[in-house]
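Hello,

Here is the structure I promised to pass on.

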Amino acid sequence: MNGVLVLNADLGPLHRVSLRHALRMLWRQVAVVHEAEPDQVVGVYPMPRVVRLVSYVVTRWRFSGGPAWSRRGVLVRDGHRCAYCGGPASTVDHVLPSSRGGRNTWLNTVAACGGCNQRKGDRTPVEARMPLRVTPTAPSWAALARR
């Protein structure tokens, strides 16, 4: 199971939580089961796939310009895949190196494996002859929630 989807009281998706967290929400009566696994129970509760909050939660932040930049967010946005070789990525690389004024922004950072990050070093992708396989974009809240 990939977690339990939490819906707002108006049935708008909010986020995913662990099964344990969802059961705590049911026990505290802040949520009700909206969709459950057939013929499976956990204690007295049906095994939830989707829970719905009892009270509406204001989510103004979801309609803002998007999430703030973070290393984890860049890795999630790029699917933990290196932007240079396509292998598993564990680091974040600046397209325009920070020593040359590159900032920590969505459009200037990509996920990279350790080898490619070290090989590129303090150069731009063109100077290092390492073309990007993906174009960095600024994700929306919905795009990050889907991953």
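**What I found**

Val-6 has Val-51 in strand 4 as its bridge partner. That pair belongs to strand 1 (residues 4-7) and strand 4 (residues 45-53), which run parallel over 3 bridges. Strands here are DSSP runs of E with at least two residues, and helices are runs of H or I with at least four, numbered from the N terminus; two strands pair if DSSP finds at least two bridges between them.

A word on the source: this is a predicted model, in which local features need pLDDT of at least 70 and side-chain atom pairs count only at pLDDT 80 or more, while totals for chains, interfaces and linings use all residues. Residues are numbered from 1 along each chain as its sequence is written, and side-chain values use heavy atoms, without hydrogens and water.

The open sheet has 4 strands in the order 2-1-4-3, with mixed pairing. Strand 2 (13-17) and strand 3 (31-42) are its edges, each pairing on one side only.

Now to the cores, meaning sets of buried (under 20% relative accessible area, 1.4 Å probe, protein chains only) Ala, Val, Leu, Ile, Met, Phe, Trp, Tyr and Cys residues joined through side-chain atoms within 4.5 Å. The largest nonpolar core has 16 residues, and Leu-75, Tyr-84 and Val-110 are among those with the most contacts inside it. Helix 2 (71-77) and strand 6 (109-112) each give it two or more residues, with strand 6 giving the most, 3 residues. Another core, apart from that one, has 11 residues, including Leu-14 and Leu-53.

Best wishes

Methods. Buried < 20%, exposed > 50% of the residue type's maximum accessible area, 1.4 Å probe, protein only.
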